[in-house]
Amino acid sequence: MSAEKSSLHARNLHRDPYNFDQLISCVPELKHYVFVNSYQTATINFSIPEAVKLLNKALLLYFYNIKNWDIPKTNLCPPIPGRADYIHYIADLLAEHRLGIPEGNSVSGLDIGTGANLVYPLLAQRSYGWKMLGTDINRDSLENAQRILDHNPDLLHEIQLKQQPDSHHIFKNIIDPGERFSFSMCNPPFHDSEESALKGNLRKTKHINKSKVKKPLLNFGGQQSELWCEGGELAFISKMIEESAQYFSQVLWFTCLVSKKDNLYKLTTLLKKVKALEIKTIDMAQGQKISRILAWTFIPEKNRKGQW
């Protein structure tokens, strides 16, 4: 047995090594991809798309009682432990203004770019009972997300979906007048072009296999809107920051993952320019890389309790 994954958040349910006997009991097809590596540890080959998808399906069923989770082969297949971490760090952020971790549907979250996998709303609702709105520009992705909800009818009133009709906007068309959210979250497109996304995936696949791989394999899937956008991560988050200022009174904490540490200076400079009252950077280990959550608010500290 390998050691506990201590880089994960203390409340993360995935700190212990995967118990593949338990997971295979949930999703029997997973057994075809499990093997014992040279360290005598049961594992899967994370460069095989179907193996990763079945592992996710089992984790979501065993730990979160999400039934019949599935995504098309063309869509992003996210690592569950790292996604759960983002949720737990948001809980810590919200707890700063309350007596302990807030639970229940009085907390409402907005997931920008929820994708076909719907993972953040699923984890947030099952971990803390929060009410969630998932948005995406891709209709097919939202239709798959809705199928996941239809298989879990107890979630139909807790998680809502909304399509963003205009790729030039993030919060406009989504946040209605008078509507309030405790937080927004986003895992933004990282790359600035399809070519960059393919090269990045080739590096990832080589690292996983520790061998020469000539053909990029989008092993975690990914539509264009999930993987890349013009200007990459910096442009996307900059747009998010500028637009967030127009909804300053309707979201307590705006948050976003930032993969490239070098982008933080420009982003925090922009946040000061739009007059964010408080800016936080929360370091977070996601698998084999370090990511961070950038969080900002326009709400004065005295007004951050109760109503959110």
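Helices (H or I, at least four residues) and strands (E, at least two) are DSSP runs, numbered from the N terminus. On that basis, Asn19 turns up in the segment before helix H1 (20-26). Residue numbers start from 1 along each chain as its sequence is written, and side-chain values use heavy atoms, with hydrogens and water left out. Keep in mind that this is a predicted model: local features need pLDDT of at least 70, side-chain atom pairs count only at pLDDT 80 or more, and totals for chains, interfaces and linings use all residues.

Asn19 is partly exposed, with a relative accessible area of 35%; buried means under 20%, exposed over 50%, and partly exposed in between (1.4 Å probe, protein chains only). Although Asn19 and Leu59 are 40 residues apart in sequence, their C-alpha atoms sit 10.0 Å apart in space.

## Aromatic pairs

Rings of Phe, Tyr and Trp (its six-membered ring) pair if their centres lie within 6.5 Å; planes under 30 degrees apart are stacked, over 60 edge-to-face, and the rest tilted. The count comes to 10 aromatic pairs. One of them joins Tyr18 and Phe20, an edge-to-face pair at 5.9 Å centre to centre with 75° between the planes. Phe20 is buried, at 6% relative accessibility.

What makes the pair of Phe63 and Tyr64 tilted? The ring centres are 6.4 Å apart and the planes meet at 50°, so the pair counts as tilted. Phe63 is partly exposed at 31% relative accessible area, while Tyr64 is buried at 4%. Elsewhere, ring pairs tie Phe171, Tyr247, Phe254, Trp296 and Phe298 into a cluster.

## A charge over a ring

Arg180 lies over the face of Trp308, 4.7 Å from the ring centre. The rule here asks for NZ of Lys or CZ of Arg within 6 Å of the ring centre and within 35 degrees of the ring normal.

## Helix H3 and the cores

Helix H3 (residues 80-95) has 16 residues and spans 23 Å from its first C-alpha to its last, close to the 22 Å expected at 1.5 Å a residue (1.5 Å times one less than its number of residues). Of those 16 residues, 15 are buried, so H3 is largely enclosed by the rest of the structure.

A nonpolar core is a set of buried Ala, Val, Leu, Ile, Met, Phe, Trp, Tyr and Cys residues joined through side-chain atoms within 4.5 Å. The largest has 54 residues, of which Leu30, Trp69, Trp130 and Phe183 touch the most other members. H3 gives the most to this core, nine residues. A second, separate core of 26 residues includes Ile112, Phe171, Phe236 and Val251.
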